[in-house]
Amino acid sequence: MKLTTAQALVRWMLAQRSETLDGREVPLFPGVFAIFGHGNVLGLGTALEEHRDEIPVWRGHTEQGMALAAVGYAKATHRRQVGAVTSSIGPGALNMVTAAGVAHANRLPVLLLPGDTFTSRAPDPVLQQVEHFGDATATVNDAFRAVSRYFDRITKPEQLLSTLPQVARVLTDPADAGPVTLALPQDVQVETFDFPESLFAPVTHRLLRARPDRRSLTDAAAALRAAARPLLVLGGGVRYSGGGLRAVEFAERHGIPITETTAGRTLVRHDHPLFAGPLGVTGSTSANVLAAEADVVLAVGTRLQDFTTASWTVFSPEVKLVTLNAARFDAVKHGALAVVGDADAGLADLGELLESWVVAPEWTGRAAAERARWDAHVDGLRAYESGVPTYAQVVGVVNELSEPRDYVMTASGGMPGELLGGWRATGESTAPSMDVEYGFSCMGYELAGAWGAAMAHDGLVTTMLGDGSYLMLNSELFSAAFAGHPFVAVVCDNDGYAVIARLQEGQGGKPFNNLYADCRSGHAKPPRVDFAAHAESLGCAVFTADGLDDVRVAYAKAREAAVAQKRPAVVVVATQPNAWTEAGAWWEVGVPEHLSGRPAYDDAKPGQVRYLGS
């Protein structure tokens, strides 16, 4: 079939199918986010227009926002579908690099298709081309190499024959999942080649379930049998394998308390008697207490990021760490006893080896007892009489009015600690209902990612963010309103970057450049943003609230309006800048010796576990 490079790429994308966790067959690429420029409008743009009825193309308003929407889509579909994003060369391409970092850090698949400079070099330097004096082959797209799981620059059409199978591999392999970047030079996009028809034969990509090595399973089973106080830590890999139900059944069978990481949050019902709460800095004291006492930790589907491990101070130095992970890269970290394989299949195999082994009931019962203390603490934080509400109180209202199939998300600032530590999940283990982007902590993901999640998720999506994130990246509110994708955004205005101000001042630093009151301004009375008016101008339904009772009314109305009007609904509420949910865990940040926080740093640092050993 004689096709241009761009036409062949689009036809191949249309032929790729995916099997969801519940067995349905869906397009691997359900849509494309596009902003066209001279580097992609006639090549890839023309090819997409030819198939406009087969693959939706959504027009965004920032390349970063579109790519973040694709990331949010991948998370909401548990990595079973992939958003593609195209831009022109130059600033459009570079705008996507941040989103590639988000996808890379969070192990989420996204296909990035930036235009690139002419391979012929006939018109050099073309508009937006960056010239490197010592390397004529370098373009701005080389910036993607550091944040792509797979990178290629297509300089001849026939290169697609070898690179496209690798693209599919990375986007669908649980061990390798992450962003793929195909740089597409403007002239090569329209160059033709006789492609074999077999390239466009339909292919269904099914979830790979690698079975762990029997010897490593035997060693893991022996470690658990010898444990008196084991702890099960569930991460995002459990979610992506569809292993939530298996994990809970495994814990129930053997009486092991359960905790969750950021990516694994809401895998377990909050009221489950084995649920000890979320782990780490933004988790709960209940889970952290059990982690400190545990003698064996079975960490499933997690890379054990520093917020989860409290910079590696949450576990006892004598703990034995067993990791079950699809990626060997993550499984072998920290000297763990590594079991490499699918979370769902691995837990099934491990359970068979453990047979009827059960933990002493005294340890099993600690989960509910410690979580009850944490719940009472959160209840106290949510209690309200009057005045400006706190983040915890606003989260409590959203939690109370949400339904089991709803989906809540956030990314940066103080809100991750509130959602992770305070949210009480009511859904089933097979349908996680939270996306906290705290692998890259990207301000602005909250709105753009919500657009993508709203496309993918059956229930209503609610995203929660601060005023700083809103100002960082809000243009995709209009994209979602224009496209007709409803979600609710709860904007908590606390007058600046309040959570960083807390870190700054909590370590003894002077208030500086975070809250607006501590920033340089050329005005005696600096201007303020009218978030309600701004969101309304972007096509959103808007509701304002002055107190917590107003939040309850406004959020209920926003839920109704979003669905009825098929557009985002924004709730704006002023919140306190100095009230937070604290799990009592340590997080390592560099503290200068002259600040008051340095003695506490020096006290905590020796308790940091560097290498556990197996």
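**Stop 1: R424 and D375**

Select R424 and D375 in this predicted model: both residues are buried. They form a salt bridge whose closest N and O atoms are 3.9 Å apart. R424 lies in the loop between α18 (415-422) and β19 (434-436), while D375 belongs to helix α16 (residues 366-382), so the pair ties together parts that are 49 residues apart in sequence.

**Stop 2: other salt bridges**

How many salt bridges does the structure hold? The count is 35. In general terms, side chains of opposite charge can pair when their charged atoms come close.

Select E355 and R225 for another of these contacts. Here the closest N and O atoms of the salt bridge are 3.7 Å apart. The pair links distant parts of the chain: E355 sits in the loop between α14 and α15 (361-364), R225 sits in helix α8 (residues 214-225), and 130 residues separate them. R225 has a relative accessible area of 39%, which makes it partly exposed.

Then move to D22 and R24, which form a salt bridge with 3.2 Å between the closest N and O atoms. Is D22 buried or exposed? D22 is exposed, at a relative accessible area of 55%. R24 counts as partly exposed, because its relative accessibility is 48%, a value that falls between the 20% limit for buried and the 50% limit for exposed.

**Stop 3: the six-stranded sheet**

Switch to a cartoon view and colour strands β12 to β17. These 6 strands make an open sheet with parallel pairing, in the order β14-β13-β12-β15-β16-β17. Which strands are at the edges? They are β14 (275-278) and β17 (337-340), each of which pairs on one side only. On average, neighbouring strands of the sheet are turned by 20 degrees against each other, with direction ignored.

Now select residues 296-300 and 320-325, which are strands β15 and β16. The two strands run parallel and are joined by 5 bridges. Within this pairing, L298 stands opposite V322 in β16.

**Stop 4: D344 on helix α14**

Stay on helix α14 and pick D344, which lies in it. The relative accessible area of D344 is 12%, so this residue is buried; the cut-off for buried is under 20%. Which residues does D344 touch, not counting those up to four places away in sequence? They are R209, S241, G242, G243 and R246.

**Stop 5: the largest cavity**

The model has 3 cavities of 30 Å³ or more, and the largest cavity has a volume of about 570 Å³. To centre the view there, select R107, G236, G237, Y240 and G301, which are the closest to its centre of the 38 residues that line the largest cavity. Then show α6 (160-172), α9 (236-241) and β16, the elements that give two or more residues to this lining. Which element gives the largest share of the lining? It is α9, with 4 residues.

Terms used: Residues numbered from 1 in each chain as written. Predicted model: local features only at pLDDT ≥ 70, side-chain atom pairs only at ≥ 80, totals over all residues. Heavy atoms only, no water. Pairing = 2+ DSSP bridges. Axes fitted to C-alpha atoms, helices over the stretch in contact; angles between N-to-C directions. Salt bridge = Lys/Arg side-chain N within 4 Å of Asp/Glu carboxyl O. Buried < 20%, exposed > 50% of the residue type's maximum accessible area, 1.4 Å probe, protein only. 1 Å grid on protein atoms, 1.4 Å probe; cavity = no way out; pocket = protein on both sides within 12 Å on 5 of 7 lines; lining within 4 Å. Points joined across faces, edges and corners; volume = space filled by probe spheres on them. Contact = heavy atoms within 4.5 Å.
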